[in-house]
Amino acid sequence: MRAAFRRLGWIVQDFRPRFSPLGDLEARLRVLGPVDLVWVPSFRQRDVAAARRWANRARVPLIFDPLISSYDKKVNERGKFSPSNPKAAALRSWEAELFVTADLVVADTVLHARYFAETFALPEERLAVIPVGAEETIFHPAPWNPAKGRLEALFWGSFIGLQGPQVIVEAARLTQELPLDWVLLGAGPLRAECERRAAGLANLRLEDWYPYETLGERIRQADLALGIFGGSDKAGRVIPNKVYQALACGRPLVTRETALIDAHWPSGVHVVPPEDPRALAETVARLAVDRDALVAQGEANAAFFREIAGETVIAQRLSEALRRFFPDVECPQISADEQQYDREPPHRQ
């Protein structure tokens, strides 16, 4: 999103409040010069109230890009409170007030936008859908031939329930006789459980995080990419960053089925039921046998990524959202080298 703003000619100025409830007071002391827009980014629900007050004072729009709902995470995904618990009701009411106070709310998928609208009584005209995408300077395809010996299927992530990494471990257990290695990269709440389940499996290993700038290189070393396999409703409403990263790197992908992945997606995207290690094992085993098809599938995925979530597409979606408040904002035409603009867009801050 930051790159998309710059593509549209905006100057991005960061402000991180030390104490969110009084962030507007701090901003009045620290922020230099006037701005045209306040954008509250992902996971910063705690900043919205102060940002609203500051935006009102500056008479500029406030856009909230939450990515996820705190209520959905704590109640539906983690089960910290049951939906009937008064604390759940209070959390929902608090978050609804934040969503409604924004001039525009950004969702990453149409299903997430629908959830925001239904859960927080948010008018659909105050929602915009912009996919999360992936940075093309890091995640891009490269010439590749699948391994002739053991094939590698790679998962990377933060080991949370939505991703379902434990499903991958059980799938590895079902494919021990195949020339196939399963790799889980990253860290998070479920890593210890995955290590415990993986004890004694020679075809699975866990790796620590790579620096983000080199993650694309690691993905391109693998033959297959593994998406998410969790069974929550939220897992079915999202297309996570890692899916776009896999597509951008030109790798065949296996992930859980969702209404968001339909017949328009390329043949290099393979879906399985959530929380189903046997279906995952059977799908990856089938791909491991037909290796000649993998290169074409990866190329199709890379082309599809550029079509639905490349940086140019995201800039266009952002442009459409911003034109609600700034009619002169347009997505600049990109020249042949994909680096220079055909014209210099107007600068806003």
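Arginine 173 is partly exposed, because its relative accessibility of 33% falls between the 20% and 50% cut-offs. This is a predicted model. Arginine 173 makes a salt bridge with glutamate 170. The closest N and O atoms of that pair are 3.3 Å apart.

Both residues, arginine 173 and glutamate 170, sit in helix H7, which covers residues 165–173. They are 3 residues apart, about one turn of the helix. An α-helix has 3.6 residues a turn, so residues three or four places apart point the same way. Glutamate 170 has a relative accessibility of 22% and counts as partly exposed.

Helix H2 holds the pair arginine 30 and glutamate 26. They are 4 residues apart, again about one turn of the helix. Their side chains meet in a salt bridge, 2.5 Å from N to O. Side chains of opposite charge can pair when their charged atoms come close.

Arginine 30 is partly exposed at 40% relative accessibility. Glutamate 26 is buried at 13%.

## The salt-bridge network

The whole structure contains 18 salt bridges. Glu152, Arg205, Glu207 and Arg218 are linked in a network of them. Within this group, arginine 218 bridges to glutamate 152, with the closest N and O atoms 2.9 Å apart. Arginine 218 belongs to helix H9 (residues 215–221) and glutamate 152 to strand S5 (residues 151–157), so the pair ties together parts that are 66 residues apart in sequence. Arginine 218 and glutamate 152 are both buried.

Glutamate 207 lies in strand S7, residues 204–207. Its side chain makes a polar contact of 3.2 Å with the side chain of arginine 205. Glutamate 207 is buried, because its relative accessibility of 15% is under the 20% cut-off. Leaving aside residues up to four places away in sequence, glutamate 207 touches Val183, Leu184, Leu185, Gly186, Arg191 and Arg218.

## Glutamate 275 in its loop

Glutamate 275 is placed in the loop between strand S10 (269–272) and helix H11 (277–289). Its relative accessible area is 55%, so glutamate 275 is exposed. Glutamate 207, by contrast, is buried.

Exposed glutamate 275 still has contacts beyond its sequence neighbours. With residues up to four places away not counted, glutamate 275 touches Val167, Phe229, Gly230 and Gly231. The C-alpha atoms of glutamate 275 and phenylalanine 229 are 5.6 Å apart in space. In sequence, these two residues are 46 residues apart.

## A nonpolar surface patch

Phe19, Leu22 and Leu25 form a nonpolar patch on the surface. Together they have about 290 Å² of accessible area. Leucine 22 is in the loop between helix H1 (2–7) and helix H2 (23–30). At 43% relative accessibility, leucine 22 is partly exposed.

## Helix H13

Helix H13 runs over residues 311–322 and has 12 residues. From first C-alpha to last, H13 reaches 16 Å. That is close to the 16 Å expected at 1.5 Å a residue.

The buried residues of H13 are Val313, Ile314, Ala315, Leu318, Ser319, Ala321 and Leu322. They pack against helices H1 and H12 (294–308). They also pack against four strands: S1 (38–40), S2 (62–64), S3 (104–107) and S4 (127–129).

## Two positive phi angles

Arginine 59 is not a glycine, yet its phi is positive, about 60 degrees. Arginine 59 lies in the loop between helix H3 (48–58) and S2. It is exposed, because its relative accessibility of 79% is over the 50% cut-off.

Phenylalanine 159 also has a positive phi, about 55 degrees, although it is not a glycine. Phenylalanine 159 sits in the loop between S5 and H7. At 0% relative accessibility, phenylalanine 159 is buried.

Definitions and conventions:
Residues numbered from 1 in each chain as written. Predicted model: local features only at pLDDT ≥ 70, side-chain atom pairs only at ≥ 80, totals over all residues. Heavy atoms only, no water. Buried < 20%, exposed > 50% of the residue type's maximum accessible area, 1.4 Å probe, protein only. Contact = heavy atoms within 4.5 Å. Polar contact = N/O pair within 3.5 Å; in protein donor to acceptor, adjacent residues only side chain to side chain. Patch = residues over 30% accessible without salt bridge, like charges linked within 9 Å, V, L, I, M, F, W, Y side chains within 5 Å. Areas by Shrake-Rupley, 256 points an atom, 1.4 Å probe, with all protein chains shown as cover. Salt bridge = Lys/Arg side-chain N within 4 Å of Asp/Glu carboxyl O. Expected span 1.5 Å × (residues − 1).
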